[in-house]
Amino acid sequence: MKKYQKRTAPPIRWSSSLERVSAVSVRQPWAWLIVNGYKDVENRSWRTHHRGQLLIHAGANKSSLNDDVLYVKRHYGIRLPERFELGGFVGVVNITGCRATSASPWHARGK
């Protein structure tokens, strides 16, 4: 199991430059893990040609949140916050590429 360092994402400072940035919705705790630099791969069934800034929106659905938090703690040993932001933008990331395979522990085969 890979050891992860605790990180804290800087707060988003909304500006007019973000108004034209594309966004993707991700359930928690995955959105938190992406924004805080733990999860370096987002698995989707579709490819994207987008490169550059991307807003991360945390979905409001929390139906599997407890199970997902438990899975991350057990499988990756990452200490997660007790509460997550839901239903809003939680961060900005930079997409550098889109690949069918990856050595990342977050990669899901076939995605």
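Predicted model: local features only at pLDDT ≥ 70, side-chain atom pairs only at ≥ 80, totals over all residues.
Visitor: Which element gives the most residues to the largest nonpolar core?

Guide: The largest nonpolar core holds 24 residues, and Val-26, Trp-32, Leu-33, Ile-56, Ile-78, Leu-80 and Trp-106 touch the most other members. Two or more residues come from each of β1 (23-26), α1 (30-35), β2 (52-58), α2 (65-76) and β3 (88-95). With six residues, the element that gives the most is α1.

Visitor: With which residues is Leu-80 in contact, leaving aside its neighbours within four places in sequence?

Guide: Leu-80 is one of the core residues that touch the most other members. Once neighbours within four places in sequence are set aside, the contacts of Leu-80 are Pro-29, Trp-32, Leu-33, Val-69, Val-72 and Lys-73.

Visitor: Within what arc do the buried residues of α2 fall?

Guide: The buried residues of α2 are Leu-65, Asp-68, Val-69, Val-72 and Tyr-76. They line one face of the helix, because, seen down its axis, they fall within an arc of 100°.

Visitor: Which residues are exposed on the other side of α2?

Guide: The cover over the buried residues of α2 includes α1. On the other side of α2, the exposed residues are Asn-66, Asp-67 and Arg-74.

Visitor: Which residue with a positive phi follows α2?

Guide: Helix α2 comprises residues 65-76. The residue that comes after α2 has a phi near 70°, and this residue is Gly-77.

How values were computed. Residues numbered from 1 in each chain as written. Heavy atoms only, no water. Core = buried A, V, L, I, M, F, W, Y, C linked by side-chain atoms within 4.5 Å. Buried < 20%, exposed > 50% of the residue type's maximum accessible area, 1.4 Å probe, protein only. Helix = DSSP H or I, 4+ residues; strand = E, 2+ residues; numbered from the N terminus. Contact = heavy atoms within 4.5 Å. Arc of directions from axis to C-beta.
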